[in-house]
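Dear colleague,

Please keep it open beside you while you read.

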Amino acid sequence: MSRTIEAKTRHEFKASAERVFDAWLDPVKMRSWAAQPVPGMPSFDIRRVEIDARVGGKFTFSDMREDGEAVHWGYYLEIDRPRKLVFTWFTSEEEEQENNSLVTLTIEPLDNGCRATIVHSMDERWAEWAKQTAAGWAFMLRQIDLYFGAEANCDQSSVQ
């Protein structure tokens with residue numbers, strides 16, 4: 001078995017844990033926040049959002065980029081609303097066959113909202129992409145926050 005590395009990010013929301021959790025599993029909400037413009041960044045052309053929100057269910061979403069459609073998919077391994085969501089994450093058939101890309105979203109309630117932490121465990125061969133991966137997840141959390149219309153209290157990213 002190959003070694004893994006982790007890309008991590010954390011974000012604090014003024015929104016409830018339930019609201020943040022649901023944003024990941026509702027296709028209408030996901031399409032809305034994924035297309036949410038972020039200041040200084042181009043808007044996203046979201047093409048597909050398909051979610052079968054059950055353990056063993058598959059999700060697929062895609063967006064158009066300069067070099068074509070970027071498709072992401074995976075399978076839900078654990079759904080514990082509103083605390084934890086665990087899923088695989090693939091961008092190629094090869095990655096799916098290797099099955100060594102795992103994302104864990106944990107959400108902790110706070111007095112005035114919640115803290116979401118994403119840990120993406122992946123094969124060590126992707127080490128040079130770990131910072132970019134953490135930044136990508138942080139970007140998604142910021143998109144959710146903007147979708148809610150709330151200001152973030154904190155945003156931290158790291159790679160281990």
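Glu96 has its place in helix α3 (residues 93-98), where a helix is a DSSP run of H or I with at least four residues, a strand is a run of E with at least two, and both are numbered from the N terminus. This is a predicted model, in which local features need pLDDT of at least 70 and side-chain atom pairs count only at pLDDT 80 or more, while totals for chains, interfaces and linings use all residues. Residues are numbered from 1 along each chain as its sequence is written, and side-chain values use heavy atoms, with hydrogens and water left out.

Glu96 counts as partly exposed because its relative accessible area is 23% (buried means under 20%, exposed over 50%, partly exposed in between, with a 1.4 Å probe and protein chains only). Not counting residues up to four places away in sequence, Glu96 touches Trp73, Tyr75 and Phe90, contact meaning heavy atoms within 4.5 Å.

Asp123 is found in strand β7 (residues 113-123). Leaving aside neighbours within four places in sequence, Asp123 is in contact with Ser2, Arg3, Thr4, Ile5 and Asn100, and the backbone nitrogen of Arg125 lies 2.8 Å from a polar atom of the Asp123 side chain.

As for confidence, the mean pLDDT (the predictor's confidence in each residue, from 0 to 100) is 89 for the protein, and 91% of its residues reach 70 or more. Over residues 150-156, however, pLDDT stays under 50. Where pLDDT is low, the predicted coordinates should not be read in detail.

Best wishes

Methods: Polar contact = N/O pair within 3.5 Å; in protein donor to acceptor, adjacent residues only side chain to side chain.
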